[in-house]
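Here are my notes on this model, point by point. Please read them alongside the coordinates.

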Amino acid sequence: VIYPFGVVKLFRDNTERINNIDYSPTGDLLLTSSDDDQIVIYDCEKGTSKRTLNSKKYGVDLIHFTHGKNSAIYASTKIDDTIRYLSLHDNKFIRYFPGHSKKVVTLSMSPIDDSFISGSVDKTLRLWDLRSPNCQGMMHIGGRPVAAFDPEGLIFAAGINSEIIKLYDLRSFDKGPFSTFELNQEKECDWTGLKFSPDGKNILVSTNGSVIRLVDAFSGTPLKTFAGHINNKGIPLEASFSPDSQFVFSGSTDGHVHVWNAETGYKVAVLNGDHTGPVQCIQFNPKYMMLASACSHMSFWLPALDQ
């Protein structure tokens with residue numbers, strides 16, 4: 001399935017690096033944030049760029065859809081470190097979530113309800129509810145965090161200082177983690193992202209170096225290290241699963257997309273998407289057979305049969 005993938009649409013809506021992408025839960029829309037302070041909404045069914053919104057005053061990073069496709073949350077890059085909740089329908093802020101005192105570096109929306117978690121270089125993780133501007137809970141974690149919800153939205157994982165993963169039950173997170181996995185600390189790079197596989201069995205750890213780690217979500221056992229892609233610029237390259245959890249995708253600083261078999265750890269393909277810069281963002285559509293990758297422009301990929 002992977003080999004015949006090719007780029008079918010190339011969008012040049014942005015002038016600078018696209019720093020985050022996120023699909024709507026139904027897979028028909030894709031949302032992006034960029035260093036040029038623009039939010040772009042793409043229609044995945046039609047293969048068109050639907051709308052562009054600006055966040056010139058606050059900047060925009062780590063953008064995520066909430067449950068509907070009409071609103072989003074994102075982190076700021078200017079003025080302060082408040083998280084903003086935006087109505088995409090009329091481009092108005094619904095709510096602000098102040099609290100972090102330094103740059104927010106991780107943001108994850110619950111797949112089942114209005115909860116989300118944020119983590120910052122102020123060494124805290126905060127749990128929020130979209131309906132309230134007040135933080136629902138805070139954890140001092142003693143290091144730079146990465147965090148993510150599991151597919152069921154019942155637990156979340158926090159990666160700390162590029163060596164420890166802690167698992168928390170959402171209903172009793174204030175009691176502390178129910179599991180703690182200590183891994184060998186990264187020497188050459190830092191952890192920059194954390195994702196559960198869609199089947200919930202594994203955790204994928206992406207870095208700002210040229211390795212990606214796969215860890216068993218139940219035992220914390222290191223399973224695989226994916227390597228061979230280039231990251232010579234210390235960029236936080238996103239790594240993602242295919243919806244069946246069988247393949248892992250990552251960009252590289254030379255503009256290529258690398259694909260590994262998650263079970264064997266072997267690389268199965270290197271795809272050329274005509275990217276002119278480092279491919280920082282890459283995600284597989286949750287509902288359609290479609291891949292999106294982004295440098296400062298956005299590429300939509302389909303299998304050759306669909307082209």
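1. Contact here means heavy atoms within 4.5 Å. Among contacts in the chain between residues at least 6 apart in sequence, 43% join residues at least 24 apart.

2. On provenance: this is a predicted model, where local features need pLDDT of at least 70, side-chain atom pairs count only at pLDDT 80 or more, and totals for chains, interfaces and linings use all residues. Residues are numbered from 1 along each chain as its sequence is written, and side-chain values use heavy atoms, with hydrogens and water left out.

3. The chain has 28 strands and 0 helices (DSSP runs: E, at least two residues, for strands; H or I, at least four, for helices; numbered from the N terminus). Its radius of gyration is 18 Å, close to the 19 Å of the globule rule for 307 residues, so the chain is as compact as a globular protein of that length (C-alpha atoms; the rule is 2.2 Å times the number of residues to the power 0.38).

4. Buried residues make up 58% of the 307 (buried is under 20% relative accessible area, exposed over 50%, partly exposed in between; 1.4 Å probe, protein chains only).

5. The salt bridge count is 10 (a side-chain nitrogen of Lys or Arg within 4 Å of a carboxyl oxygen of Asp or Glu). One of them pairs R17 with D35, at 2.7 Å between the closest N and O atoms. R17 lies in the loop between β1 and β2, D35 in the loop between β3 and β4, 18 residues apart.

6. K195 and E238 also form a salt bridge, at 2.6 Å, N to O. K195 sits in strand β18, and E238 is 43 residues away in the loop between β21 and β22. K195 is partly exposed at 23%; E238 is buried at 13%.
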